[in-house]
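Thanks for coming, everyone. Please look at the structure while I talk.

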2 protein chains.
Amino acid sequence: MTNERPINFGAGPSALPETVLEEACKGLLNFQGTGIGVAEISHRSKEFTSLVASLESNIRTQLDVPPTHKIIFTQGGGTGQFSAVVLNMLARHRLLHPDLSDEQRVMDYVITGSWSKKAETEAKRLGGASVHIVVDASTKSKDSKSFDAIPAHEDFDFSADPALIYYCENETVDGVQFSNDEQSSASFPFHLLPAGGLWPLVADYSSSFMSRKIPRIADHAVIFAGAQKNIGPAGLTILIVRQDCIVDVDAAAKLGAIPVPITMSYKINADAGSLYNTPSTLSIYIAGLVLERSKQLGGVVYFESLNGRKAQKVYTALREGETKGAYRSKVKEGSGSWMNVVFDVLGDNAESRFLAGAEALGMMALKGHRSVGGIRISLYNAITEEQTDRIVAYLKDFATQNA
Amino acid sequence: MTNERPINFGAGPSALPETVLEEACKGLLNFQGTGIGVAEISHRSKEFTSLVASLESNIRTQLDVPPTHKIIFTQGGGTGQFSAVVLNMLARHRLLHPDLSDEQRVMDYVITGSWSKKAETEAKRLGGASVHIVVDASTKSKDSKSFDAIPAHEDFDFSADPALIYYCENETVDGVQFSNDEQSSASFPFHLLPAGGLWPLVADYSSSFMSRKIPRIADHAVIFAGAQKNIGPAGLTILIVRQDCIVDVDAAAKLGAIPVPITMSYKINADAGSLYNTPSTLSIYIAGLVLERSKQLGGVVYFESLNGRKAQKVYTALREGETKGAYRSKVKEGSGSWMNVVFDVLGDNAESRFLAGAEALGMMALKGHRSVGGIRISLYNAITEEQTDRIVAYLKDFATQNA
């Protein structure tokens, strides 16, 4: 049956392993022999709470999440967290520094693509502090407006004591990703952060979560991710939060911080074991199946190796096609995302022909984001090496035919 | 196969029609012949947006939602809306009356059970206005603390120009529901609201949505409901919002209103057709299947008739058992919920025997909410009349044997 399904290179919601979908079908009708489907049982039943515990354990073990950090499941996606991280981190900063004015209180944003830009816009919209741009990669790009690379380390300008330092690890739209190699010039410049102390470092890992290890995970205040790229259906949001960032938001509000809606309070959710209110049960269940399968395959270590090979194959074919004049990468070498490879197909009508040719071969959802156009190949965990080889072969064939 | 499944009388997440679950299985693997599963396709694809449109149309048609009202899908459940209604309605009131102080600005809460109490607690926690209790049913109850009835109309004390008037149509935990018969003393006292004008009337319909018509739907500012009772898996929240309540929350914040997280702004969600960010796609899909089935059966009109019969059968058996001394209803006659029937089983160890006996007959999830104990029979749309007859027969047998 595998060969009959089209290959889904969509950027999200995206491909899920077929074996997981088959297992999920069974669970929908009869969950663990209860006779009741997984979408129908109480989220407070022992069957469901053990499922939440197992999902958490799979994330903690595979990513080496340290005991200093809690894992929280919530709803609302990355966009919900654009607000929640601001509200919770501002509350924390207010409790630490109650006397600062909103102008003196600073939030640092690293802008490397459309998603970090959106997050920064939300921070400004909410107010409660001034926003400082650590670096805006678009101002450093060829055309001074697109996002085509991780900026050089010397261009990062961090504040002294910000309420948060925000970055997006992988920019799904622009195809720009921080390198996981600390020696690379495209890595996140952890060495430029002030020495000592607990950094208020916030990372959006939505489109790379569980695809490879998280560098310096223990040094993060908050890591968040929507599930719908590598690990499950939309509707589930995963948070990894250092315990000093789980604060009493009501105490902070009494000191003047912005009131925090209860579903966005990290403390309320953490104290309730992510079951303060009914969670997105079906998404949690399927994410659990995906990560159980991942564990059996060797965990994130396995996917890191696999995803590295997949990305290298695609970028190699893309570079070859560039030398033939068939393609133009949108991203500078070294900053290219392992998850989302974005490029233009050169020549009259060539993009349409590229898409139609791919579709004829059963390869779908390759259109770039509507804001930037072009082609985007998403290579999330569920895309196999064999499927990658097929798009690589197509990239080569198309380049040759169009040379 | 139907007879092999246990009957799930759980209060939510709760039973779904088996035919829908079977259909959902197919969609998980291959959605509408795309070859790609419904959890894997883009929420911006034409396949998915037409699914959202069809879900909306099914709600609008079956509930007679007037053109003055928008239907919005979001995440976060009823608890998320405890905050969102406050934030959006306070923003609206701020724009209408920019000069009132927080003390002068009032939010009216009708308290008829644990859920409206929780909503009121959240309103107080967020601040931005004073909270006025229209009536607290617990102060009128036999023991002056439990919620056992809809209070008499003369006990309702509405404010003159509140930012919102909040009530919970069906209290899932306490089994208290407003009557849908306007002549009943347990109906919502619409006639006591100030004449004319657009009422800021907010109703939590989480556990009765789509189970019967909504009285005076056009007079509501906001109706909200989590999906996980009558229409689908958890993770989807449905809003029906009158257009004058879809306001520019940023303009209100400039006038001093509490900043609203972007995912909670009704305007942002309405303007984006509920697709501002990735929604809980799988929950939307399954809710769509449930309401399509509902339409084929005759819509909400069909379920109103069915649910009325189901409730009457159960309450009749309960009253008979009361006269035999086997049960004690927790709710006064006339205020009993059609969806959640709550009562105590009298006698030593009788509750455990009741539960064990039911389980032996394949009837599950009958334990009352942990905060109130006792028995709770939830009779959501997916519970058939035949299944209701089985619990009714058991109620009668148990009462006879324990008389």
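How many bridges join strand S3 (residues 106-111) of chain B to S4(B)? Six, and the two strands run parallel. Before going on, some ground rules. This is a predicted model, where local features need pLDDT of at least 70, side-chain atom pairs count only at pLDDT 80 or more, and totals for chains, interfaces and linings use all residues. Residues are numbered from 1 along each chain as its sequence is written, chains are lettered from A and ligands numbered from 1 in the order in which they are written, and side-chain values use heavy atoms, without hydrogens and water.

Now some terms. Strands (E, at least two residues) and helices (H or I, at least four) are DSSP runs, numbered from the N terminus. Two strands pair if DSSP finds at least two bridges between them.

Back to S4(B). Its residue Ile133(B) is the bridge partner of Tyr109(B). Both strands belong to an open sheet of seven, in the order S2-S10-S9-S8-S5-S3-S4 (chain B), with mixed pairing. S2 and S4 (130-136) of chain B are the edge strands, each pairing on one side only. From one strand to the next, the twist averages 20°. Angles run from 0 to 180 degrees between N-to-C directions, with axes fitted to C-alpha atoms, for helices over the stretch in contact. Helix H2 (residues 46-63) of chain B lies across S2 and S10 of chain B, at about 135° to S2(B). Contact means heavy atoms within 4.5 Å.

Next, another sheet. Three strands of chain B form an open, antiparallel sheet, in the order S11-S12-S14. S11 (327-329) and S14 (375-378) of chain B are at the edges with a single partner strand each, so one side of each has no neighbour in the sheet. S11(B) and S12(B) pair over three bridges. There, Tyr327(B) stands opposite Val345(B). Helix H8 (residues 299-323) of chain B packs on this sheet, touching S11, S12 and S14 of chain B.

Finally, cavities. A cavity is a set of points on a 1 Å grid over the protein atoms alone where a 1.4 Å probe fits but cannot get out; lining residues have an atom within 4 Å of a point. A volume is the space filled by probe spheres set on the points, which are joined across faces, edges and corners. The structure holds seven cavities of 30 Å³ or more.

Technical notes. On a 1 Å grid over the protein atoms alone, a cavity is a set of points where a 1.4 Å probe fits but cannot get out, and a pocket is an open set with protein on both sides within 12 Å along at least five of seven lines; lining residues have an atom within 4 Å of a point.
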